[in-house]
Amino acid sequence: MTRLASALRALAATAAALLAVTAAAPGAAGASVTGEGSRTARPVAPEEFVALPAVAPTIIHDMRYLTPHNFMGERVDGYDQPLCILTRPAAQALKRAQWKLLRQGYSLKVYDCYRPQRAVDHFVRWAEDLADETMKPEFYPRVDKSRLFTDGYIAEKSGHSRGSTVDLTIVKLPAKPTRPYVPGEKLVPCYAPQGERFRDNSVDMGTGYDCFDTLSHTDDPRVQGEQRANRQLLKSTLADVGFTNLPEEWWHFTHKPEVFPDTYFDFPVSWRSVAGH
């Protein structure tokens, strides 16, 4: 059995699970009932958007903002299902990158893709509440929360809302399951050694995902050896298919040219938003 065949076999269970979600998805977008019998139009995605599993079903999903394991410690507004939605060119480019990695015994894993504006608004409200530091010990232990806007960790607009930006990592195959996060568990700094911080089955990138710290800068000189090699593997693989990395975040990439360079969308993350695309 070739390495590629072994990799595909290792991802079979993941793909089957994603296809099961697809089969259970609503058949069409439409109006939703709100209030006392009134009907308001539910925003849906333009035809240029697709669900990533429909294009690249072997890419692993670990959609953190649907869960409380994120820097806010709660589910984020606008995330209805654990689904990556992207513009079609970005999704097709990830498919090409996935094939490159599968041949080497790896898989991509996405943390976040298209992000509704309502989610960004949720981030902003949280950042303005300086008393809420529930997740500080893990995600921003060395950053004062009052500086999250100044230091660029939180902003009122996000490129994710334009649909061509993705947060992702690499997983060695066969992929081990990510252990469940238990709200209230002891939090470990996101820059701690891999064996000590939250283990999410990805290769060692030197920090966890969404780590608000300068160690998350892709080319930080303090990150060397295997960690640096893993970052460069992710960066070079995605660069080859048209993605540009945000230097401050090793996990953050935007496909160029963007389909919607100036438009910020607010449809929810769900199969219904892209039904029929």
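These are my notebook entries on a predicted model of one protein chain.

**Entry 1, the whole chain.** I began with the secondary structure and listed seven helices and nine strands. I then looked up burial: of the 277 residues in the protein chain, 50% are buried. For the accessible surface I noted about 12500 Å², with 53% of that belonging to carbon and sulfur atoms. I also checked how far apart in sequence the contacting residues lie. Taking contacts between residues at least 6 apart, I found that 75% join residues at least 24 apart.

I turned to β6, which spans residues 106-112. How many of its residues are buried? I counted seven of seven, so I put the strand down as mostly covered, taking buried to mean under 20% relative accessible area.

I looked next at the strands paired with β6. Strand β4, residues 60-61, is joined to β6 by two bridges, and the two run parallel. Within this pairing I found His61 opposite Val110 of β6. Strand β7, residues 165-172, is joined to β6 by six bridges, and here the run is antiparallel. For Lys109 I recorded Thr169 in β7 as the bridge partner.

I placed Lys157 in the loop between α6 (136-139) and β7. Which residues does Lys157 contact, leaving aside neighbours within four places in sequence? I found Gln117, Val120 and Tyr264. I also looked up Val124, which is 33 residues from Lys157 along the chain; their C-alpha atoms are separated by 9.5 Å.

How values were computed. Residues numbered from 1 in each chain as written. Predicted model: local features only at pLDDT ≥ 70, side-chain atom pairs only at ≥ 80, totals over all residues. Heavy atoms only, no water. Helix = DSSP H or I, 4+ residues; strand = E, 2+ residues; numbered from the N terminus. Buried < 20%, exposed > 50% of the residue type's maximum accessible area, 1.4 Å probe, protein only. Contact = heavy atoms within 4.5 Å. Areas by Shrake-Rupley, 256 points an atom, 1.4 Å probe, with all protein chains shown as cover. Pairing = 2+ DSSP bridges.
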